[in-house]
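Q: Can we go through the side-chain contacts in this one? I'd like to start with the aromatics and then move to the charges.

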Amino acid sequence: MVNSPQSPRQNKRQELDLTPFSASGGEPVAWRISDAPVPYPVAVAAMEARVAAIAAGEAPELVWLLEHPPLYTSGTSGKDSDLLDPRFPTFASGRGGQLTYHGPGQRVAYIMLDLKRRRPDVRAYVASLEELILKTLAAFNVRGERREDRVGVWVKRPDKGPEHEDKIAAIGVRLKRWVSFHGIAINVEPELSHFAGIVPCGVADPRYGVTSLVDLGQLVTLADVDVALRQAFEELFGPTRALLPEAAT
């Protein structure tokens, strides 16, 4: 992607100090990858249980990488009018944000961290998740950018027209007792036409679409992204330890 200067508003987000989220001491963050698509209600139930255990000091923090079968989720700001074609099941979600799509070819990372121990600052935490995505994309020579008025990570698409941009990753966060859950979704090679069933994240401006790493010409796999994501996560949040695929959350 072509590099370009960022606006003062974008730089304001980048000035946030992200270092304190790399907590010293404690156990490494457990790192789990599910090979088969996980139904959304199953994932939410597992997250709820893990978050409660983390808050009680009974389980280590966890990053859970997975795919979902095709579905839509609606966050706390979701609008019924943004569901244009209910071709897939739609689930109400307690995370922030509006409607989004999840499906095969999209790497979802559910991130369960004890922010009370690390740093109880939601705004800075969301900025750290943005930075996590930016670093992961940079490993594949893709420049992602923040936008003050649009959540998620975007790439410029001058090939589509002036001021055109596409969203490549989404962010949705929820906290319970200062333990985070839900997280991020990076489009690696999903079926982009599935996003047409909704107004993604409430952004209806025709200049703003949806893209993926493969759509941008990067022939990478979910496994490739997982390696880059873990490296970026450890830079920002500290060490991890891998769990066996069959390990329970």
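A: Rings of Phe, Tyr and Trp, the last taken by its six-membered ring, count as a pair if their centres lie within 6.5 Å. This is a predicted model. By that cut-off, Phe-21, Trp-31, Tyr-125, Phe-233 and Phe-237 form one aromatic cluster.

Q: How many aromatic pairs does the structure hold?
A: The count is 12 aromatic pairs. One of them joins Phe-233 and Phe-237, with 4.7 Å from centre to centre and 25° between the planes, and it is stacked.

Q: How far apart are Phe-233 and Phe-237 along helix α5?
A: They are 4 residues apart in helix α5, so about one helical turn separates them.

Q: Buried or exposed, those two, Phe-233 and Phe-237?
A: Phe-233 and Phe-237 are both buried.

Q: OK, charges. How many salt bridges turn up in the whole structure?
A: A search of the whole structure gives 22 salt bridges. Among them is Glu-235 with Lys-135, where the closest N and O atoms are 3.3 Å apart.

Q: What about Glu-145 and Arg-143, how do their side chains meet?
A: In a salt bridge, at 3.0 Å from N to O. Glu-145 is buried, at 2% relative accessibility, whereas Arg-143 is partly exposed, with a relative accessible area of 26%.

Q: Which residues do salt bridges with shared partners join into one network?
A: Arg-143, Glu-145, Arg-147, Asp-149, Arg-150 and Glu-165.

Q: Staying with Arg-150, which ring faces does it lie over?
A: Arg-150 lies over the face of Trp-154, at 4.5 Å from the ring centre. Arg-150 also lies over the face of Tyr-208, where the figure is 3.7 Å.

Q: Last one. What do the side chains of Arg-157 and Asp-166 meet in, and are the two residues buried or exposed?
A: Arg-157 and Asp-166 meet in a salt bridge, 2.9 Å from N to O. Both residues are buried.

Methods:
Residues numbered from 1 in each chain as written. Predicted model: local features only at pLDDT ≥ 70, side-chain atom pairs only at ≥ 80, totals over all residues. Heavy atoms only, no water. Salt bridge = Lys/Arg side-chain N within 4 Å of Asp/Glu carboxyl O. Buried < 20%, exposed > 50% of the residue type's maximum accessible area, 1.4 Å probe, protein only. Phe/Tyr/Trp six-rings, centres within 6.5 Å; stacked < 30°, edge-to-face > 60°. Helix = DSSP H or I, 4+ residues; strand = E, 2+ residues; numbered from the N terminus. Lys NZ or Arg CZ within 6 Å of the ring centre and 35° of its normal.
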